[in-house]
Amino acid sequence: MLNKSTVTALRRIHSWFPVLQRRRAHTCLTSSATCRLLRRPPRAVAATCPPRSREFSLSACRWRNTDDDDDDGYEEEDDVIDDSEVEELFQVRAPAGALGAAHRVFVVHPDVKWGSRKQHLTTAELMMAEAVGLVNTLDSWSVVDKVIMSTKTPEKKMIFGKGNFQTLTDRIRRTAGVTAVFVNVERLSALSEREFEEAWGVKVFDRYSVVLHIFRCNARTKEAKLQISLAEIPLLRSRLKNEMANLDQQGGGSRYIGGSGETLMEVQQRLLRERELKIRSALEKLRRKRRLLRSQRRGKELAAVSVLGYTNCGKTTLIKALTGDAGLQPRNQLFATLDVTVHAGQLPSHMTVLYVDTIGFLSQLPHQLIDSFSATLEDIKHSDLLVHVRDVSHPETANQKANVLRVLENMRIPDRLLSSMIEVHNKTDLVDNYRPAEPGALPISALERRGLGALRAAVEEALVTSTGKRVMDLAVDLGSPQLSWLHKEAAVQDVRVNADEGSAVVKVTISAAAYGRYRKLFGGS
């Protein structure tokens, strides 16, 4: 006769089948062609995209440049992904995770005393404050208690020594109303998670699962939803291991089912692999879409500036101040920006530049999570310039900078971009008499629009260098179309007219390619 724990495990395993098999083909999927996730939509779908305007939303809008229809031999409609398919992959999750429920959370921060995992640029108190901030970012989640517990063995299964673990367990059990424990580490192993849940009797989360849930709550576009679904695969595998381990203790997990010659564990693993294949195939379609958009921007010689930094450092507020884009609505919230968007602005020379608003970075995130968002972060690699925004009012600003630089290094950002990166010290309005210690750093207040002139000038100087554009004085005949051509193809800074001669001297910022076309059309040296 089955006992209560076995019945519970079987019910949970049973719930996986509709979750992972929904809309699944009956035959085993062996390639992206058999996934049938990506369907060819009616051509009328393209009409739903808003017209091109000041803002170019790369991830939310299917923008097509009619002047470049045959660019790369690429047909846009072939790569539009059906909304219902994306929503299905995004919404379907294993019910055992309980991430969507309201939680009263007990936060535990393991304070590593020495070794390679000891943090040197921050303190346990500041790391605990960030962990509490992550919990409070989620609606209907609240912190009921918190504790910093020292450990000498963070790599062990139970993380803490026997005495500290028992002390922690007693405190959690004495705290009324606890429904979950957040252990502030990058990633808990499936074995550690199971041991903690058995000891404490509540759901246990790590930074990976909490941050991923914040991402899920903020996701708006197809690309963000698919990338979150991909990042959830490791969590689903971890939960599967725990459920099967519970069932194996009763001798049920290794039995063959349904005459298929597969054990329950093998079936679930295969379904997860097929789900991952579908998501990766869909993301590859969107990656191709990004390549097309970048190609179109290059064809128009529009410089791209990626604005990056630690989460909640003020990137969106800065872009709004630089572009005047009223559509941007910055929020004082961790990971408020999850989808990459592009916004047009002008530099002092009247050169148009595209500011790319990127996802915020965070310390102690596993590479798996960063890799899942590689399609989004790929835009950073293809920028003409990087602007690193720092919140200098934050007590951990030095540690945040180190974490951002570490992520950029792991992403293999080209050296030319790292060496030319502009460092911006934001939120100086919150610091009395602020003076930057780092040479070359630009102090600003995006909220109060202070220091923006110096920043625009620095961006322009760096872009002229990185893109190979030239600042030139060109003599033009006002009776010819030269001046109107320059206004269209270059950035006209100044026009000095000689009315007597019907001519003018025009100061322009112009690319080598555009200048070559100008000489071919109008002559001159």
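Q: Which accessibility class does F522 fall into?
A: F522 counts as partly exposed, because its relative accessibility is 26%. Buried means under 20% relative accessible area, exposed over 50%, and partly exposed in between, with a 1.4 Å probe and protein chains only.

Q: What sort of model is this?
A: The model is predicted, so local features need pLDDT of at least 70 and side-chain atom pairs count only at pLDDT 80 or more, while totals for chains, interfaces and linings use all residues. Residues are numbered from 1 along each chain as its sequence is written, and side-chain values use heavy atoms, with hydrogens and water left out.

Q: Back to F522. Which residue forms a tilted aromatic pair with it?
A: Y518. The centres are 5.2 Å apart, with 50° between the planes. Rings of Phe, Tyr and Trp (its six-membered ring) pair if their centres lie within 6.5 Å; planes under 30 degrees apart count as stacked, over 60 as edge-to-face and the rest as tilted.

Q: How are Y518 and F522 placed along the helix?
A: They are 4 residues apart in helix α17 (residues 512–522), so about one helical turn separates them. Helices (H or I, at least four residues) and strands (E, at least two) are DSSP runs, numbered from the N terminus.

Q: Y518: buried or exposed?
A: Y518 is buried, at 3% relative accessible area.

Q: Which residues make up the ring cluster?
A: W485, Y515, Y518 and F522, linked by ring pairs.

Q: How many aromatic pairs in the whole structure?
A: The search finds 8.

Q: Why is the F196 and W200 pair called stacked?
A: Their ring centres are 4.7 Å apart and their planes are at 10°, so the pair is stacked. F196 and W200 are 4 residues apart in helix α5, about one helical turn. F196 is buried at 0% relative accessibility. W200 is buried too, at 6%.

Q: New topic. Which strands pair with β4?
A: Strand β2 (residues 103–112) pairs with β4 in the parallel sense over 4 bridges. Strand β5 (residues 203–205) also pairs with β4 in the parallel sense, over 3 bridges. Two strands pair if DSSP finds at least two bridges between them.

Q: Which residues are the bridge partners of A180?
A: Its partners include V105 and, in β5, K203.

Q: What about the faces of β4?
A: Both are covered. In β4 (residues 180–183), A180 and F182 are buried on one side, and V181 and V183 on the other.
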